[in-house]
Structures are given as C-alpha cells and as structure tokens.
Amino acid sequence: MKFVSNSLFKIKTHLHFIEKIIEEDIKNGFPIKKIKFRFPPEPNGFLHIGHIKAICLNFELSQKYKSPINLRFDDTNPIVENKNFINSIKKDILFLGFHWDHESYASDYFPKLYKWAIKLIKENKAYVDDQSQNIIQVQRKNPFEIGINSNYRSRSIEENLYLFEKMKNGFFGEGTCVLRAKINMSSSNMNMRDPIMYRILRKKHHRTRYQWCIYPTYDWTHGLCDYIEQISHSLCSLEFENRRPLYNWYLDQIYIDDNNKETIRPKQIEFSRLNLSHTITSKRKIQYLIEKKVIQSWDDPRILTISGLRRKGYTSVALKNFIHQIGITKRNNIIDISSLEFWVRKHLNEIAFRTMVVLHPIQLIIDNYASDTTEWVEGENNPENSNFGNRKIPFSKFLYIEKDDFLEKEKENFFRLCIGKEVRLKNAYIIKANSVIKNHEGEIKEIHCTYDPKSKSGKKNKIEEKRRVKSTLHWVSIKHSFPIKINLYNPLFLKKNPDIDFYKHINPKSKDKIIGYAEPSLKKAKKGEHFQFQRIGYFYVDSKIKNDQIIFNKTVSIKNQWKKNEK
C-alpha cells in the first residue's frame, strides 16, 4: 500500500549570503577542489529541528560544489556522550537523504591537540590555573570592566609543563586545576579572557575509555579539528559569532602558511539558527522532560527531535522544503510552527492514502436500508494522483459517524447532520435524520435516518445533479470496521515562546490515547505508511503490537489548527 513521491523543491531565486562568500573566495583564487565541509554534532542527545537547517546547509553545499563532507562527532565531554546518541545522529542524517564521505571524532585528535597545548605552554601562551571555576568566572568580570589576572598566570614555562603533564597522568582530582590560554584579561570579548583549554574529568569515554582524564574544551578543539581535516568553510550558528576571534586566535598559534599554499586555513561563518514557536530544542531541557516523565523518550512525537518528528509522520521531503522556504540568513527570528505544518500537510496530501476512520463514534441506523445487505461503494485512494487507484468500502444499515457531526437541534453555522436535515455520506448516499434514541442519562445512543437510493455517489442523472447538500460526512460500517489505537497529539506547551520557565507552561493534555474504528482496507497498513483519515487529519503507522493491532500517531490536522487554538 506504499506509494513513493519525492516532490522536493528548492524555493530559491538567488544565492544566500554564505554561497556569495564562497563564490567570492573562488573568484579570488581559492581552488574549488580544496572546498570541504563538515557537520560536527556533539553526541549528547538526539538531533532536533534546528539541526536540520545546519545539515541541509552543509550537505547541500557539499553537493553543489561536489566537495567532500565529514561527519565529525565533537566527543569531548564523556559525562553526557554515548554511542546511542551517535547511532541516532547517523540515522537522522540518512533519514534526511544525506550521506557523509568520512566519519571522524574529535577524540581521534586528542594526542595532537595535547601536543599543540604543550606548544602553547612552551611559547608562554598557556598556563595551569589552580583556581576553581567560580573564582575564574568572578575574575573575568564583565565586558565593561578589566578582568583580574589569576595569581597563577605568571607561572614559569617549566612549572606549567610539569603540572600539565601531571594533570594528564591523573595526579589531580576533578576541579582542582585547568589549563588556560594566556590571551587578554582586558578584552571586551569575554571569550578572549584567558579561556579554559583543558579540564580534568575522571569519566569513561565511549571510545578512548580511561586513556585520558583531561579533556579539551569545545573552543580549543573545534577550530583545530577543522584545520586537521582541512575544512575550508566552517559553518556555525550565530551564537558562535563572538567566539570567532578565539577560533582565529587558536588557528594563529598552529597554522603554517607555506609558500605553495597547500595548507588551508578554515574560515568560520555564522548563520541564524532555527527558532520555532511553541517548542524547545535545548537538550538539557528535553532531558528534564524525560526525567520528569512529561515525555517518554528522545523520540517522543511531542518534541521536535528529528526522531520524534519521524515517529509523528513528518517526511524528509516536507522538512527539507520547510528549510528551503525559510532560507539562510544572519537574522534571528521565531518561525511560527504553522509554517512547518503547512509543508508537512502539503507533502502528505500528495502521498497519503485516503481512508475513513471514526474517532468518537455514535451509531447511525438507516431505517429504510435492508438489514441483511452489504453494498460495496467505491472511493478514491488519493484524488491528487490517479495512480493510487480506487478501493471498495462496505456500506450497510448500521454505521458509525462522529459524535460532533450531529446535533439534535440545528444551530447557526452548523452544516452537518441535524433532525430534518440532509447530508451526504462520503462515497455513498444522501441521508436525512429523522429521530434519536437516548439512554437513561439523556445521551443520544442512536440516530435514525432514511437514505435516498437514487442519490448514490458517482451516478449521473439530471435530477440528482441539481440536488445540493452542504456537508459530506465520513463513516464506517459497524460490522465491517475494526478498532485501532490512535495517539492524538496536542501542543506540549501552552505558550508561544516557552523557552523561559518552560516547565510552567507544560500542557497536561498534550497526548490523548483513543480507540478509533476504521474501514477494513486499513488492515493492510504497514509500519511507516502515511494515511489521511478523511476530514480529520494525517496519520502515521507507528507500530503493530499483539494480535496485529495497529497504532497510529496523528501527524497534522487537515486544516491549520493554530489560529483556532490561539483563540
């Protein structure tokens, strides 16, 4: 029941600013064959919607310039990193349709980074500081004040070499000392005020095990790894703009500019990160939600990790089309989540099979239809594409329709079924509601109606063509339907921008588990397939459990619900 569509397009009429920089570099003599990119995630959590922008940018530039791209894991913090995160990152990149040329790890370069640190110590550009992190932070002051030099800044080169080796060999405990670069404690850029290069962490590393007890910081590692791998253009999100002077300072200390210009000096370029309304992307905050059991895991469909989006039924085509639409800029802003859902809805409309499912059933009985008759009506599998074909749907006297599709007494602007009013049943007949039967509590348990045998969908006659009804309802035949488990997802946060005090804005009703009743064609559904439950929304087959019972996750509603929710 699977139909493949790759309706990927790039909404782009001109070069974005990073392409212009690269084109200018080429114009000024930079050899195209030396262009090289990298995607450098830290394996301390699952990738999220914001990473898709960086992935698309780096991998698509690699494709454009036919240049290699490295997947380099920034594994410098053994406290929070593990192989499960590495595997999930690889899976997410492949899901988006990209492939890397070389897989590497910052830990591959630990020996070289250590030797370069010794080089800086020998040049009196780094020193071992015995102060605590808190004292170091206080001494840095703020951009408008001159920082205070550490008492250990004037240590001799010999003493620093001796102490740094002892740090490496495990003579000191965690937090007792660090290695700092000796730059400028008066700089207005706080990143230049003697930043930390190494700290002591007595933790097991997922690759090097217990070989190291000192670990390089991100700032010391990143630019030098770019240099080792000869990355020409190092693309980072905008929060790293203030770190670029430090990135360049570290490169200055080790860069060798030979006469043949064979060695490439990496260039850091920053772009705006993707900020989306009604969500958070901080790994620390997502971990908090998992620990507090607000969500189940990193791939919970209520959060915008790539794995969560995939389980919710978002397609790689839709995600990439969304990224292409918002573009690459240096301006930070918040994109409304309805824009993302627009592209998901647009793609699923092309590829999803149509089916009828009733989520909140109420019984409808057609009094003038024979009890022992089953009629097979025909429905389109996807009106957007005739290649999907048609399917047969059983129709009978006893049906389920949605509770919300019926009112005993008609109200203004209610165009569905009421007593004395006609509607069409999708792919079937026009019916008219005549009466209801209620239970002891006064709740409606049966709707009794009559049908017009001459009004069958698809039949052409002049009398029926003139007949108009304002509403078409979906339905299922009770005796032919079967139950399915459905997860309905609502916004996880009640506030548009929940980043500050996010835990105060958690929606207690972000997930509803219900049993729906589906037409029999859905029994063939397989994990990973997309369906449109007609008039309701798009749904994704998450898994099959015992006795082949199917679990569906709601991907997105048929129409934009955000304006309605905000009201």
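Reader: At roughly what angle do the axes of helix 7 and helix 8 cross?
Author: The model is a predicted one. Helix 7 covers residues 218-228 and helix 8 covers residues 244-254. Their axes come within 9 Å, and the crossing angle is roughly 55°.

Reader: How do the residues of the contact of helix 7 with helix 8 divide by class?
Author: Helix 7 contributes Asp219, Trp220, His222, Gly223, Leu224, Asp226 and Tyr227. From helix 8 come Leu246, Tyr247, Tyr250, Leu251 and Ile254. By class, the residues of this contact are two charged, two polar and eight nonpolar.

Reader: What is the relative orientation of helix 4 and helix 6, parallel or antiparallel?
Author: Helix 4 spans residues 110-122 and helix 6 spans residues 157-168, and their axes come within 9 Å. They cross at roughly 160°. Angles over 145 degrees count as roughly antiparallel, so the orientation of helix 4 to helix 6 is roughly antiparallel.

Reader: How many charged residues does the contact of helix 4 with helix 6 have?
Author: On the helix 4 side the contact is made by Tyr114, Ala117, Ile118, Ile121 and Lys122. These meet Ile157, Asn160, Leu161, Phe164, Glu165 and Lys168 of helix 6. Seven residues of the contact are nonpolar and one is polar, while the number charged is three.

Reader: Is the crossing of helix 4 with helix 7 left-handed or right-handed?
Author: The axes of helix 4 and helix 7 lie 11 Å apart, at an angle of about 110°. The two helices are therefore roughly perpendicular to each other. Lys112, Leu113, Trp116, Ala117 and Leu120 of helix 4 meet Trp220, Thr221, Leu224, Tyr227 and Ile228 of helix 7. The handedness of the crossing is right-handed.

Reader: Which helix supplies the largest share of the lining of the largest cavity?
Author: Three cavities of 30 Å³ or more are counted, and the largest holds about 60 Å³ of space. Its lining consists of Tyr218, Asp219, His222, Gly223, Phe240, Arg243, Tyr247 and Gln268. By class, these are three nonpolar, three polar and two charged residues. The largest share, four residues, comes from helix 7.

How values were computed: Residues are numbered from 1 along each chain as its sequence is written. This is a predicted model: local features need pLDDT of at least 70, side-chain atom pairs count only at pLDDT 80 or more; totals for chains, interfaces and linings use all residues. Side-chain values use heavy atoms; hydrogens and water are left out. Axes are lines fitted to C-alpha atoms, for helices over the stretch in contact, and angles run from 0 to 180 degrees between N-to-C directions. Contact means heavy atoms within 4.5 Å. Ala, Val, Leu, Ile, Met, Phe, Trp, Tyr, Cys and Pro count as nonpolar, Asp, Glu, Lys and Arg as charged, and the others, Gly among them, as polar. On a 1 Å grid over the protein atoms alone, a cavity is a set of points where a 1.4 Å probe fits but cannot get out, and a pocket is an open set with protein on both sides within 12 Å along at least five of seven lines; lining residues have an atom within 4 Å of a point. Grid points are joined across faces, edges and corners, and a volume is the space filled by probe spheres set on the points. Angles under 35 degrees count as roughly parallel, over 145 as roughly antiparallel, 65 to 115 as roughly perpendicular and the rest as oblique. A crossing is left-handed if the near helix is turned anticlockwise from the far one by less than a right angle, and right-handed if clockwise.
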